[in-house]
Amino acid sequence: LYSDMGEPKQALDYYEKALAIKEKVLGKEHPSTAATYNNIALLYSDMGDYKQALDYYEKALEIYEKVLGKEHPDTATTYNNIAILYSDMGEHAKALAYYEKALAISEKVLGKEHPDTATTYNNIALLYKAMGEPKQALDYYEKALAIYEKVLGKEHPNTAMTYNNIAVLYSDMGDCKQALEYYEKALAIDEKVLGKEHPSTVTVKNNMNKLLSEKQ
């Protein structure tokens, strides 16, 4: 709650209280202890303290790998979190390596059509976009989209989000026609499912208006 309120110091104080209890009562190798390490890492990441964040992610990962195993979804989630952190730090090669670890687990344990697998595809696409490799990014966005459309449906917000991401990519590539087509798909879903005043709807509308103004 304090984290959501933008009060990270207060949030950290309570996480540390929780951690002290968990380490004492459950032990330093319990998955619940690891979950608090993970939460503290997320908080440090939001604060821009990447070194501390990485330290806590690695503590969580050590527990998950040892107790739950190297192919458990919680282990995959931590790989994914570390990848996001490295991406934020601009260390793209390390980020990609951790995303691929997360993806390998998701594909094997959850399946190649699970929404969590799609999320990792989406994250890899974002990374390739940041690396200036739009064709690779598009390939992974399309993999994510295929899952979302099939499993969640063609009118799900995650599907709309991926349409928007693909539109942004086409816009960056200078393909305005394709970009507009995907923005329109995203907007139609968001307006119907989330409403015309939802932040996601507004974001898509703004992206589309920006594209249209650039075309003129």
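The chain has ten helices and zero strands. The model is a predicted one. Read along the sequence, the pattern is α-α-α-α-α-α-α-α-α-α. The C-alpha trace spans about 65 × 40 × 30 Å along its principal axes.

Of its 216 residues, 38% count as buried. The accessible surface comes to about 11,700 Å². Carbon and sulfur atoms account for 50% of that surface. Contacts between residues at least 6 apart in sequence were also examined. Among these contacts, 48% join residues at least 24 apart.

Helix H4 covers residues 73-88, and helix H5 covers residues 92-110. Their axes lie 8 Å apart. The two helices pack at an angle of about 160°. Angles over 145 degrees count as roughly antiparallel, and H4 and H5 are therefore roughly antiparallel to each other. H4 passes H5 in a left-handed crossing.

Residues from both helices make the contact. H4 contributes Pro73, Thr75, Ala76, Tyr79, Asn80, Ile82, Ala83, Ile84, Tyr86 and Ser87. H5 contributes His92, Lys94, Ala95, Tyr98, Tyr99, Lys101, Ala102, Ile105, Ser106, Val109 and Leu110. By residue class, the contact of H4 with H5 divides into 14 nonpolar, five polar and two charged residues.

Note on methods. Residues are numbered from 1 along each chain as its sequence is written. This is a predicted model: local features need pLDDT of at least 70, side-chain atom pairs count only at pLDDT 80 or more; totals for chains, interfaces and linings use all residues. Side-chain values use heavy atoms; hydrogens and water are left out. Axes are lines fitted to C-alpha atoms, for helices over the stretch in contact, and angles run from 0 to 180 degrees between N-to-C directions. Helices (H or I, at least four residues) and strands (E, at least two) are DSSP runs, numbered from the N terminus. Angles under 35 degrees count as roughly parallel, over 145 as roughly antiparallel, 65 to 115 as roughly perpendicular and the rest as oblique. A crossing is left-handed if the near helix is turned anticlockwise from the far one by less than a right angle, and right-handed if clockwise. Contact means heavy atoms within 4.5 Å. Ala, Val, Leu, Ile, Met, Phe, Trp, Tyr, Cys and Pro count as nonpolar, Asp, Glu, Lys and Arg as charged, and the others, Gly among them, as polar. Buried means under 20% relative accessible area, exposed over 50%, partly exposed in between (1.4 Å probe, protein chains only). Accessible areas come from the Shrake-Rupley method with a 1.4 Å probe; for residues, only the protein chains shown count as cover.
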